[in-house]
Amino acid sequence: MPEQISVAEFLAVTGEDLSSPAAAAFASKMQKCRGAVGALEESLDGDQAVLQRIRKYVKAIHVSGLTHVDNEEQYSEALENFGNNHLSQNNHELSTGFLNLAVFTREVTALFKNLVQNLNNIVSFPLDSLLKGQLKDGRLVSPQPWFLGCRAPAWGQNATALGTRLVARSKGQRRSGDVPAAGDGALARRGKAKPSLLGRGFGAAGSVPVPSPPLTAAVPSLLSLQDSKKQIEKAWKDYETKVGKMEKEKERARLAGVIQAEPAAAELAEDMQKERRLFQLHMCEYLLKASESQMKQGPDFLQSLIKFFHAQHNFFQDGWKAAQNLYPFIEKLAVSLHALHQAQEEEVKQLTQTRDSLRSILQLDSKEENLSRKNSGSGYSIHQHQGNKQYGTEKSGFLYKKSDGIRKVWQKRKCGVKYGCLTISHSTINRPPVKLNLLTCQVRPHAEEKKCFDLVTHNRTYHFQAEDEQECVVWVSVLQNSKDEALSNAFKGEPNGGAASAGGAADGGVQELTKLVISEVKNMAGNKQCCDCGAPGRLGSRAVGRSGMEVAGGLGVMLSSPAPLRPADPTWLSTNLGILTCIECSGIHRELGVHYSRIQSLTLDVLSTSELLLAVSVGNTRFNEIMEATLPTQDCPKPSASSDMSARKEYIVAKYMERRYVQRGGRDEPHRLWDAIRTRDLLALLQAFAEGHDLAKPLATPEGQDAGELALHVAVRYADRSSLPLVDFIIQNGYVQLGSRHLWCRPRGARASPRGRGAALARSGAVAALRRGTLDRVTQEGNTALHYGALYNQPNCLKLLLKGKAAFATVNAAGETALDVARRLKHTECEELVGQGEAEAGEGGG
């Protein structure tokens with residue numbers, strides 16, 4: 001940092017130079033003067049930047065204040081209207097309260113409006129004038145001073161006086177106390193130096209110096225700081241130029257053989273006097289302008305803030321006075337409201353008693369209706385049907401169960417009765433069966449349809465149909481006999497009978513495994529908050545499954561106890577993405593459609609471990625590191641827990657449908673998908689999928705071979721236990737794509753909105769058809785992914801493919817189905833899985 005000179009030191013050395021030019025040492029201080037100018041300019045620039053920020057914030061406060069005033073005025077007007085409404089209803093006490101509060105609000109609003117106006121007049125307007133004046137013509141030129149009483153500091157006044165003296169000296173005037181100008185022509189009078197050594201503006205040897213033009217003609221009275229700085233730099237260059245010329249003249253004389261005496265320091269000072277005076281004059285001009293700017297930016301602006309402080313003080317004082325004037329009325333109003341509450345509570349008490357009396361009168365009718373309804377077979381009945389003991393307590397086979405959907409279709413399900421429980425298998429083999437405790441159920445044959453019977457629980461009725469009437473009788477008898485046996489064992493202290501221990505232990509193991517997996521999912525990084533809005537966990541209401549059964553440990557078990565409190569949100573899982581959302585954002589996911597996100601509840605739905613594969617492998621944090629990589633930090637569009645549904649929907653559509661916040665950069669790499677699958681890197685696959693790589697297109701190997709294999713074929717071929725989530729991700733998200741848009745089929749009559757598309761796809765089975773379209777795509781040899789599972793002995797992959805409803809009947813180029821391939825290669829486990837799935841499909845399970 002260059003050395004600097006203070007204003008006081010500049011005044012001192014300049015005064016000495018004016019009094020005794022020959023003895024003064026001002027020339028050695030000129031470099032420090034330049035350093036002081038640079039530092040002062042930097043300081044003023046910094047102050048100006050801060051003032052611009054202050055002006056920005058003051059304007060923002062002024063605008064928001066005016067908005068607040070408008071809202072307050074509308075609020076007081078609404079209060080007044082509300083009071084008038086009560087006045088028209090003869091509620092005088094309430095009316096007076098509302099009207100007085102409206103008046104008080106109007107008074108405070110007027111005070112606040114005056115405060116906002118004072119902020120604009122006292123602070124904002126002077127700031128505008130100051131900054132506009134400094135930025136005029138791109139220079140730090142200020143107009144007429146806008147602060148009243150603006151005056152320069154003491155050092156500024158001294159600089160003014162000093163500048164006057166410098167101008168006078170430039171005209172050749174001398175004071176009586178000045179040192180005589182003995183050195184003006186000393187070198188010439190000695191006759192040893194050339195006249196050129198005397199410098200410009202001087203006559204011949206022994207002559208009086210020629211008067212130079214007045215400096216005031218060349219220096220305007222109102223120069224900007226930038227211009228003043230330029231004049232200082234010019235004067236410094238002129239000074240250095242003259243010193244250089246004198247050195248050159250001296251060197252020429254020496255080379256020419258002219259013998260001359262070494263000039264004294266006093267003589268040199270006299271020769272450079274004009275240049276020093278000019279530098280000093282411009283320095284004074286700069287300091288005067290800087291003093292004026294500092295005065296406006298410092299004391300005068302602070303004086304404005306003091307004035308605004310007084311305005312604030314008056315605002316709070318007047319507001320306090322208005323509140324004090326209203327306070328006695330508020331106290332009386334509180335007493336009146338207490339009495340009014342008591343009167344209303346008495347009325348409510350009387351109304352409640354009257355209502356209870358009416359209910360008790362109508363209770364007999366209700367009991368008669370309930371008895372009639374029960375005897376007609378529409379609910380629980382105290383008269384239990386007795387089963388035929390010859391049919392025993394165990395049975396397995398197929399029953400038709402009426403679905404709970406809108407269409408109410410009969411679906412063939414494998415059922416079994418054993419140890420006092422009825423198990424109902426799902427159409428998906430990997431999904432654990434529903435297990436109903438018969439102790440909490442009642443069996444009721446249908447009065448009209450002899451092939452049908454109902455199983456009534458405390459919160460749902462299951463409708464079943466047997467193959468014929470005799471088969472129906474057998475099922476009803478077995479169900480009732482098994483229930484009686486379980487009840488007898490319960491009385492004996494054997495809840496499930498001794499023989500049930502093995503089956504119960506197996507079921508308990510599945511339940512415990514599912515519980516552990518769900519617990520791990522909830523504790524993963526980022527899963528304590530919603531993936532989309534960041535909503536934290538909270539306790540919810542009691543949870544009852546959509547199927548009407550409570551969920552215990554991931555298996556549907558009918559219990560007679562009340563439903564437990566729902567665990568903390570977010571508990572809504574997107575099974576195809578492996579993320580958790582809150583209940584609000586999960587609704588938007590459902591609107592997008594299941595081809596983008598398939599939502600299940602960790603607490604309300606029965607989930608198998610295979611449906612939790614992606615959840616334990618991805619999680620919210622890893623997912624958002626990819627899907628929100630370019631999410632802006634300022635003006636972030638991501639919703640919060642308090643955001644409304646429209647804001648959530650706009651963000652979720654941008655994130656999942658448009659993939660707006662994905663960091664793109666590798667789409668032109670043809671082997672990126674191949675590398676991700678070959679290295680079993682699920683996150684790399686997710687990154688490629690987010691960037692728009694099509695999972696439904698054939699992949700070319702890095703060696704350039706193209707066997708027509710899709711991503712799913714490659715994933716199945718190189719799968720191991722650790723890469724099953726990767727296979728599941730491709731199965732669930734590998735829909736046929738066209739460009740960057742999903743190719744989906746809308747049934748006739750379905751609307752084109754995202755919600756309409758998702759609902760229509762789910763109802764019509766078009767999603768399943770879309771998924772099968774990728775599952776059943778074949779290689780050049782005609783092999784599907786199911787063929788690959790059997791060919792490379794991948795039973796775990798086959799389970800995932802069967803869960804995705806892969807087709808069994810597809811024949812490859814060799815004329816073999818997947819089952820044929822498994823048999824030929826003696827892959828026993830694969831053969832059993834494909835055979836079981838094919839058998840269930842043939843029996844109509846769906």
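Tutor: Two strands are taken to pair if DSSP finds at least two bridges between them. The model discussed here is predicted.

Student: Which residue of β3 does Gly-416 stand opposite?

Tutor: Strands β2 and β3, the latter covering residues 421–424, are antiparallel and share four bridges. Since at least two bridges are required, the two strands count as a pair. In β3, the residue opposite Gly-416 is Thr-423.

Student: Which residue takes a positive phi in the hairpin of β2 and β3?

Tutor: This hairpin has two residues between its strands. A positive phi near 55° is found there, and the residue that takes it is Tyr-419.

Student: How many bridges join β1 to β2, which run antiparallel?

Tutor: Strand β1 spans residues 395–402, and β2 spans residues 410–418. The number of bridges joining β1 to β2 is eight.

Student: Which residue just after α11 takes a positive phi?

Tutor: Helix α11 covers residues 583–592, and its buried residues include Cys-585, Ile-588 and Leu-592. Just beyond the helix, phi is positive at about 110°. The residue concerned is Gly-593.

Student: Is Lys-805, which has a positive phi, buried, partly exposed or exposed?

Tutor: Lys-805 is not a glycine, yet its phi is about 65°. The residue lies in the loop between α22 (795–803) and α23 (818–824). Its relative accessibility is 38%, which falls between the cut-offs of 20% and 50%, so Lys-805 is partly exposed.

Student: Is Lys-826 buried or exposed?

Tutor: Lys-826 is likewise not a glycine, and its positive phi is about 60°. Its place is the loop between α23 and α24 (828–842). Because its relative accessibility of 67% is over 50%, Lys-826 is exposed.

Student: How many disulfides does a search of the whole structure find, and which cysteine sulfur is nearest to that of Cys-33?

Tutor: The search of the whole structure finds zero disulfides. Cys-33, buried with a relative accessible area of 0%, is in no disulfide. A disulfide needs sulfur atoms within 2.5 Å, whereas the nearest cysteine sulfur to Cys-33 is 9.5 Å away and belongs to Cys-284.

Student: How far from Cys-830 is the nearest cysteine sulfur?

Tutor: Cys-830 is buried, at 0% relative accessibility. This cysteine is in no disulfide. The nearest cysteine sulfur belongs to Cys-797, and its distance is 9.2 Å.

Methods: Residues are numbered from 1 along each chain as its sequence is written. This is a predicted model: local features need pLDDT of at least 70, side-chain atom pairs count only at pLDDT 80 or more; totals for chains, interfaces and linings use all residues. Side-chain values use heavy atoms; hydrogens and water are left out. Buried means under 20% relative accessible area, exposed over 50%, partly exposed in between (1.4 Å probe, protein chains only).
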